[in-house]
Amino acid sequence: MKRTKIKDVLLRTDYGSDVNVRGWVRTKRGSKAVSFIALNDGSTIKNVQIVADNERFDEDLMKLITTGACISATGELVQSIGSGQNVEIQAKEIEVLGTCPADYPMQKKGQSFEYMRQYAHLRIRTNTFGAVFRIRHNMAIAIHQFFHDKGFYYFHTPLITASDCEGAGEMFQVTTKNLYDLKKDENGQIIYSDDFFGKMTSLTVSGQLEGELGATGLGQIYTFGPTFRAENSNTPRHLAEFWMIEPEVCFIDLVELMDLEEEFIKYCVKWALEHCKDDLEFLNKMIDKGLIERLESVVNTDFVRLPYTEGIKILEKAIADGRKFEFPVSWGTDLASEHERYLVEEHFKKPVIMIDYPKEIKAFYMKQNEDGKTVQGTDVLFPQIGEIIGGSIREADYEKLTARIEELNIPMKDMWWYLDTRKYGSCPHGGFGLGFERLILFVTGMQNIRDVIPFPRTPKTADF
Ligand code: 4AD
Ligand code: MG
């Protein structure tokens, strides 16, 4: 008999029909006479209850139906009174597809997330991770839908690159060279001419530079792909491999860019509220009691728009009034996560879009303001998360851009193709990058970024 997904079975009302479901046993309980099996197949957070009269089934078969076992069950769809669902299945045939011995690591309830991370290959079968990864899928769909509806083109940028977009030097090298026998020139520099690409290459930290090339032909594009950062940050917000969404838009100014950032995040959160109701209700109950309320509040509030200089004043006043921070703040310093969270969670109590940062703490490509000190960068700061988006209007002036590149000692000859966009028909443009996992953290209420990507890569861990 053809299998029906549990999600669909739970919506059916044609009682008396036979159905077949297949999935993994969550629990089995019961009496001498009857067993109740809660079955889940990943199609929904909800289980279907299978009722088996024990006399109808072989005792040895019933013994194999343990938590974690994979079974196929066929039976009659009946209206249910006690199971929390409208329907249950009165079993006629049960086949054990895969037994599950008692040492199954996901057997016990209430294991810590640290523990479950060691079993990233099996944690996907739990309620929490099922919910998280269904939401992750839905967010990816929402993102494509948002940009497609607005006429953005999905543009594929390379993962292997010879340039460091953010200029932070946090790149993983890509090479086929024999690392045990590296040839060096007379200055002790590694010779790359005989390497696979004939030059030094790395995994990309951002698709932005190539995204700008796309936008300056197609008008507006977005990327959505993996990015890699070899920053040695062991925090609940950093991954060495994460996914980023980077729209790039021509003929946009700073206010329009902020509007786009705000509209985009609200769209994604609203999508989750509409399409992931069951999973969010589960997470709200089990993980974070304030989750749904927080999501609704973000959809319904205007984000604060705050120049960096004003933000520093607020923080300095807080310190003068006795608020303690671990790191110092003054004009010119990069904000630490605690400062960002103070502004968002304590001072304004809503998301903040911070703009006009000192040029020294931002990347070379940001548009320089008239004051000669600040650039048109925007960071979107979120409750619980801190920075969720980083973006800017780009410097479109050839002279100013090359001057900045020189100032920062970025090798100009490697940037010729990027500079060509400013040389030939330069246009005002801007864009931003949203960290996909940071969005998922916010939408799920999970606390650690390692728990919203199936197989996290962080310093000293690359299992699975
Ligand atoms: O602020 P970032 O470094 O900006 C860029 O890469 C720009 N090129 C984006 C652009 O303008 N097109 O990174 C953008 C976002 C951050 O706001 C954060 O959400 C996320 O990417 N992010 C990380 N997420 C997880 N782990 C890390 N190590 C991350 N680093 C940045
Ligand atoms: Mg940033």
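1. Strand β3 (residues 48-53) runs parallel to strand β5 (residues 87-98), and three bridges join the two. Within this pair, I50 is opposite I89 of β5. Here two strands count as paired if DSSP finds at least two bridges between them. Strands (E, at least two residues) and helices (H or I, at least four) are DSSP runs, numbered from the N terminus.

2. The model is predicted: local features need pLDDT of at least 70, side-chain atom pairs count only at pLDDT 80 or more, and totals for chains, interfaces and linings use all residues. Residues are numbered from 1 along each chain as its sequence is written, chains are lettered from A and ligands numbered from 1 in the order in which they are written, and side-chain values use heavy atoms, with hydrogens and water left out.

3. Strand β5 also pairs with strand β4 (residues 70-79), in the antiparallel sense and over 10 bridges. The bridge partner of I71 in β5 is V96.

4. An open sheet of eight strands has the order β6-β10-β11-β16-β15-β14-β13-β12, with mixed pairing. Its edges are β6 (153-154) and β12 (304-307); each has a single partner strand, so one side of each is left without a neighbour in the sheet. The partner of β6 is strand β10 (residues 220-228), parallel to it over two bridges. Y153 has I221 of β10 as its bridge partner.

5. Another open sheet has three strands in the order β7-β9-β8, paired antiparallel. Its edge strands, β7 (160-161) and β8 (173-174), have a single partner each, so one side of each is left without a neighbour in the sheet. Strand β9 (residues 201-203) is joined to β8 by two antiparallel bridges. V174 has T201 in β9 as its bridge partner.

6. Ligand 1 is surrounded by 25 residues, the closest being E166, Q208, E231, E246 and E387. A residue is included if one of its heavy atoms lies within 4 Å of the ligand. By class, the shell has nine nonpolar, eight polar and eight charged residues. Ala, Val, Leu, Ile, Met, Phe, Trp, Tyr, Cys and Pro count as nonpolar, Asp, Glu, Lys and Arg as charged, and the others, Gly among them, as polar.

7. Polar contacts to ligand 1 are pairs of N or O atoms within 3.5 Å. A polar side-chain atom of S206 is 2.9 Å from a nitrogen atom of the ligand. The side chain of R394 has an N or O atom 2.9 Å from a ligand oxygen, and a polar backbone atom of G435 is 3.2 Å from an oxygen atom of ligand 1. The protein covers 94% of the 630 Å² of accessible area that ligand 1 has on its own (Shrake-Rupley method, 1.4 Å probe). Elements giving two or more residues to the shell are β11, β15 (386-393) and β16; the largest share, five residues, comes from β15.

8. Two backbone angles deserve a check. Most residues other than glycine have a negative phi. D356, in strand β13 (residues 352-358), has a positive phi of about 55 degrees although it is not a glycine. F464, in the segment after α13 (436-444), is not a glycine either and has a positive phi of about 70 degrees.

Definitions and conventions
Polar contact = N/O pair within 3.5 Å; in protein donor to acceptor, adjacent residues only side chain to side chain.
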